[in-house]
Amino acid sequence: MMLASLTQRLISGLITADLKGLTTLDLKLPCTHDFFDLSKGLPDTFCNRLWHLSIGITDATGENGDRHYTGHATKERDNDDHYPASSLQKKYPNFVYSNGVFSFIGRCPNLLTLELSGTHYLDGSALVLPELLKTLTIRRIRFDASYLSTLLWQVSVVYLDDVELTTGVWNDVWKVLLDSPSLTYL
Amino acid sequence: MVTALDDDYGEYEGLRKVIKVLVKRAGGREFYPAQSTVLDGLNDPWS
């Protein structure tokens, strides 16, 4: 309840403040579900102005919350099975509400830079990149190999951190990127 | 860093080819692991 109020206040602040020159937004909210409210609450004029967007999730509690959260992770496993989820994660699991984040990104058609960092792995199947996007940074997101290839094909600079494939192998991605005309950094 | 590359599928070799293309495109003659963020945190596949 308190967090919902916080998100609403944030939206009100962004709308009412005189931010007509705002083109860069770096925003971390407790869970993916909060971005549904943000997406609904911000007007087109605000979203259309954004060129650079950085989105992060802060609640990493519970199983598979984040590799760095407990400090017990190995290369293979997060090892956080016994860490309890917050009441927020019990109600709105980040993975289940991944689309909250992607719906907000979909509202911002003029982005040149997008940075997206999950805690619990997000389901990247609903991520659609803005047409003009040049630089993509993604962390803790799962993709189908062919869909990830499609996304990476359109950008010039790619930063991958803790990204997993649900189907396919990385070689499927590399084979596509080998012929990408626009890629300059991986 | 990606999770995780598998030698059985030639994934290191595939990545190496992509980086070669990128370095060539940038005008470089050589390539190193440091030129890719993908390899951060993984065992060195270049040796």
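In strand E4 of chain A, the bridge partner of Thr113(A) is Thr135(A). This pair belongs to the parallel pairing of E3(A) with strand E4 (residues 135–144) of chain A, which runs over 7 bridges; strands are said to pair if DSSP finds at least two bridges between them. Helices (H or I, at least four residues) and strands (E, at least two) are DSSP runs, numbered from the N terminus. The model is a predicted one, in which local features need pLDDT of at least 70 and side-chain atom pairs count only at pLDDT 80 or more, while totals for chains, interfaces and linings use all residues. Residues are numbered from 1 along each chain as its sequence is written, and chains are lettered from A and ligands numbered from 1 in the order in which they are written.

E3(A) also pairs with strand E2 (residues 52–57) of chain A, in the parallel sense and over 5 bridges. Within that pairing, Glu115(A) of E3(A) is the bridge partner of Ser54(A). Strand E3 (residues 113–123) of chain A is largely enclosed by the rest of the structure, because 9 of its 11 residues are buried. A residue is buried if 20 or more other C-beta atoms, placed from the backbone, lie within 10 Å of its own, exposed if 12 or fewer do, and partly exposed in between.

Most residues other than glycine have a negative phi. Arg140(A) is placed in strand E4 of chain A, and it counts as buried because it has 24 C-beta neighbours inside 10 Å. Asp162(A) likewise has a positive phi, near 55°, but is found in the loop between strand E5 (157–161) and E6 of chain A. With 19 C-beta neighbours inside 10 Å, Asp162(A) counts as partly exposed.

Helix H6 (residues 145–153) of chain A contains Tyr147(A). This residue has 18 C-beta neighbours inside 10 Å and therefore counts as partly exposed. Between Tyr147(A) and Gly124(A) there are 8.8 Å in space, C-alpha to C-alpha, and 23 residues in sequence.

The second chain is considered next. Chain B has 1 helix and 1 strand, and buried residues make up 23% of its 47 residues. Its contact with chain A takes 20 residues from chain B and 17 residues from chain A, two residues being in contact if their C-beta atoms, placed from the backbone, lie within 7 Å. On the side of chain B that touches chain A, strand E1 (2–3) and helix H1 (11–25) each supply at least two residues, and H1(B) gives the most, with 9 residues.

Another part is a helix packing. Helix H7 (residues 170–177) of chain A and H1(B) pack at an angle of about 20°, with their axes 9 Å apart; axes are lines fitted to C-alpha atoms, for helices over the stretch in contact, and angles run from 0 to 180 degrees between N-to-C directions. H7(A) and H1(B) are therefore roughly parallel to each other, since angles under 35 degrees count as roughly parallel, over 145 as roughly antiparallel, 65 to 115 as roughly perpendicular and the rest as oblique. Residues of H7(A) that meet H1(B) include Trp170(A) and Trp174(A), and those of H1(B) include Leu15(B) and Val18(B).
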